[in-house]
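My notes follow in the order I took them.

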Amino acid sequence: MSPMRAGPGVNAVIQARASSTRLPGKVLRPLAGRSVLGWVVRAAAAAPGVDEVVVATSDATDDDPVAAEADRCGARVVRGPLDDVVARFGLAASQYPAGAVVRLTADCPLLDPVLIGRLAAVWRAEPSLDYVSTTLVRTLPRGFDAELVRTEVLTEQVETASGPDREHVTSAIYRQPDRYDCTGVVVSPPADDLRVTLDTAEDWELISALVGELGDQPGDWRSVVALLRARPDLVALNAHVEQKKVGR
């Protein structure tokens, strides 16, 4: 992990579980010699300005291997309720205090450390911001998602969020831009029509093909987009996959 930076600390918290509904055990699948979770931990640890990497998994017994793998990869580990993800983030913020938390998910193995670091830099430059993300206005492929939340705001969500907001952690924040100070990171040209997150067998086929072409290295969104623009046959592998909606 990167050295401590001047100013408030920023920790990355990766939510991970074994019991995904569409592709069970996906975060532990081997991808070019390391687990999918290992790819995400590596990207978070390589991000400029990230001080600690924490994996927040559940206290269910089938997540024992997830906790063990996170520890093996060098991440801190917290465990909490399976179906109350925001509570797990609250545990991570309590056990590993920081001024802000970057929320990552363990099904995005191609995460780009530079993008994660950009969120930290934007927030450190203006620490009154409540929320900074790559998804507020989506211009990146799905699979490069990263969201930074000021810890005080995260703690508020732990106390007040209800229903689907307890699973999706940040949804009650960006839905209320009149209450919370939110900003986004965008890229040009937009590539939000592309999908490199891991939720189905078709997604796995695409990600495996991308890694086969790009090699075992932290994600680089420009390289991924360039390859997919040149290879419509790869894009077609999961173009029909519909993202699960908030609340579903």
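This is a predicted model: local features need pLDDT of at least 70, side-chain atom pairs count only at pLDDT 80 or more; totals for chains, interfaces and linings use all residues.

**Entry 1: strand 8.** Which way do its side chains point? Glu147 and Val149 point one way, Leu148 and Arg150 point the other way, and all are buried. I noted the general rule beside this: in a regular strand the side chains alternate between the two faces of the sheet. Next I looked up the partners. Strand 8 pairs with strand 6 in the antiparallel sense, over four bridges. Within that pairing, Ala100 has Arg150 as its bridge partner. Strand 7 also runs antiparallel to strand 8, and three bridges join them. There I found Val132 opposite Leu148.

**Entry 2: the whole protein.** I stepped back and counted ten helices and nine strands. Among contacts with a separation of 6 or more, 71% come from residues 24 or more positions apart.

Entry 3: In what order do the seven strands of the open sheet lie? I read 5-4-1-6-8-7-9, with mixed pairing. Strand 5 (76-80) and strand 9 (182-184) are the edges; each has a single partner strand, so one side of each has no neighbour in the sheet. The twist averages 25° from one strand to the next.

**Entry 4: strand 4.** I followed this strand to both partners. Strand 1 (residues 10-15) pairs with strand 4 (residues 52-58) in the parallel sense, over five bridges. Val13 has Val54 as its bridge partner, and Ile14 has Val55. Strand 5 pairs with strand 4 in the parallel sense, again over five bridges. Here Val55 has Val77 as its bridge partner. Strand 4, helix 2 and strand 5 make a right-handed β-α-β unit. Is strand 4 mostly covered or mostly open? I found it mostly covered, with six of its seven residues buried.

**Entry 5: helices over the sheet.** I checked two of them. Helix 3 (residues 85-95) lies across strands 1, 4, 5 and 6, and runs at about 135° to strand 5. Helix 4 (residues 113-125) lies across strands 1, 6, 7, 8 and 9, and runs at about 30° to strand 8.

**Entry 6: the cores.** Which members of the largest nonpolar core touch the most others? Of its 33 residues, I listed Ile14, Leu37, Val55, Val102, Leu104, Ile116 and Leu148. Strand 1, helix 1 (36-46), strand 4, helix 2 (64-72), strand 6 and helix 4 each supply at least two residues. Helix 1 gives the most, with five. I then looked up Ile14 by itself. Leaving out residues up to four places away in sequence, its contacts include Leu37, Val40, Val41, Ala44, Val55 and Leu104. Apart from this core lies another, of 24 residues, among them Trp39, Leu110, Val187 and Val224.

Note on methods: Residues are numbered from 1 along each chain as its sequence is written. Side-chain values use heavy atoms; hydrogens and water are left out. Two strands pair if DSSP finds at least two bridges between them. Axes are lines fitted to C-alpha atoms, for helices over the stretch in contact, and angles run from 0 to 180 degrees between N-to-C directions. Contact means heavy atoms within 4.5 Å. A nonpolar core is a set of buried Ala, Val, Leu, Ile, Met, Phe, Trp, Tyr and Cys residues joined through side-chain atoms within 4.5 Å. Buried means under 20% relative accessible area, exposed over 50%, partly exposed in between (1.4 Å probe, protein chains only). A crossover is right-handed if, with the strands pointing away from the viewer, the path from the first strand over the helix to the second runs clockwise.
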